[in-house]
Amino acid sequence: MEVKIGDFVFTQEERAAIMDLIARNTISEGRKCREFESTFAAFIGTRHCASANSGTSALMLILTALKYHSYWGKRISENGKKVLTTPLTYIATANSIATTGFEPIFADIELDTFSIDPERAKEISETEEGTCGMMPVHLMGYPADMDALNLIAKKRGWFVIEDSAEATGSVYKVNRTGSLGTAGAFSFYIAHNIQVGEFGALTSNDAELVERAHRLKGNGRVCYCTVSQIEKGECPHQNLGFHPRYLHDMIGYNFKPMEYQAAVGIEQLKKIDWIISRRHENVRLLNDLLAPVSGDLRLPIYSDDVSYLGYPLLIQSKTLSRDKICIELSKAKIENRPIFNSIPTQQPAYAHLKKKYIGKLPNAEFAGNNGFYVGCHQFLRQEHIEHVAKTLIAAVKS
Ligand SMILES: Cc1ncc(COP(=O)(O)O)c(C=O)c1O
């Protein structure tokens, strides 16, 4: 029996949506992307959404759009270039900051939620000069403490970008993640809660920011109409003296998604309640079955508000080795992954930051050394979950 981290099954609806595009000879970004954007914005609870070709692109589009934007009445450059984030995340979070000309700085995490500890964030907000924003991550679907983090940001005039790549559908208090800060970014990568393969989106109530993001994904051109209106003489930019599709007022990227990505995304979104509730059932069952080893393995906190990306575990017994446990899981055909690691102290790409952060991120390093996750996705049945629990208990007791 194989237990994957995530699985994708092309349903009849997804096939039909793609076949429809083929029948209409449609491929580049267009009506389906717009439909996905309005559906997704309504689902998250924001006024606007822009789709992108990945979650990383969505993060980069928000950061780049903000540079051109006045925020709290100020240009971002007036506040500085530092963006406070979590050390324990997929590298794309930090990379999006570094590659858009900002500088990532890090506050340690809380082990219960794997997210930035607001107390640590507050300390850093009082000591690090030149910080302009914050990028909390809702890792594994667990919402960061957004009230506390927003309060810190508000006091300093920072923007807040929620990296909600792993948390489509998670709820913080009464609102969905991605609607709680300046903007939110989502990934619909194959192993995520909504699966398209490669696809992403950003959400915000700020119309200007989202409009800029739309234009930045087309290399910063002045317009982003799905179908050019110039031939009809109806283009609002036709008198600029040059074809608006080739007139660029910002330095951008090609991060445009394709129609088939949006078409699959729309079908996936129709199933989100089922996806989340199947994951809830699997997390609850795993927690029940693993209760006998909860002294050795720190089990994930269960909450109806979390849209679980996976089932995260932390080894808390000093006599157990993560590597050995993961080898046993792999031998039993149970896919497993580490819960990332502490970016500034455990990632070679950020080795230049090691000296600054060594000894300052104990929880992130603990999770980096002792954390791993297995799947809890919607296609796993009771026998899969029992197989995972049995294998883990045997590995812990051996
Ligand atoms: C926390 C986090 N941020 C950003 C990303 C980037 O998303 P993508 O792979 O769609 O570029 C991921 C992807 O796994 C992620 O887990």
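**Entry 1: basis.** I worked from a predicted model, in which local features need pLDDT of at least 70, side-chain atom pairs count only at pLDDT 80 or more, and totals for chains, interfaces and linings use all residues. Residues are numbered from 1 along each chain as its sequence is written, and side-chain values use heavy atoms, with hydrogens and water left out.

**Entry 2: ligand shell.** I counted 14 residues around the ligand, the closest being G55, T56, D163, E166 and S187; a residue is near if one of its heavy atoms lies within 4 Å. By class I found five nonpolar, seven polar and two charged residues in this shell (Ala, Val, Leu, Ile, Met, Phe, Trp, Tyr, Cys and Pro count as nonpolar, Asp, Glu, Lys and Arg as charged, and the others, Gly among them, as polar). I noted that α3 (55–67) and α5 (92–99) each supply at least two shell residues, and that α3 gives the largest share, three residues. Helices here are DSSP runs of H or I with at least four residues, strands are runs of E with at least two, and both are numbered from the N terminus.

**Entry 3: polar contacts.** I looked for pairs of N or O atoms within 3.5 Å. A side-chain N or O atom of T56 lies 2.5 Å from a ligand oxygen, and a backbone N or O atom of G55 is 2.8 Å from a ligand oxygen. For the side chain of H192, I read 3.0 Å between an N or O atom and an oxygen of the ligand. The ligand alone exposes 390 Å², of which the protein buries 93% (Shrake-Rupley method, 1.4 Å probe).

**Entry 4: sheet.** I traced an open sheet of four strands in the order β12-β13-β15-β14, with antiparallel pairing; two strands pair if DSSP finds at least two bridges between them. Its edge strands, β12 (297–298) and β14 (337–338), each pair on one side only. I found two bridges joining β14 to the antiparallel strand β15 (residues 371–374), and R337 stands opposite Y373 in β15.

Note on methods. Polar contact = N/O pair within 3.5 Å; in protein donor to acceptor, adjacent residues only side chain to side chain.
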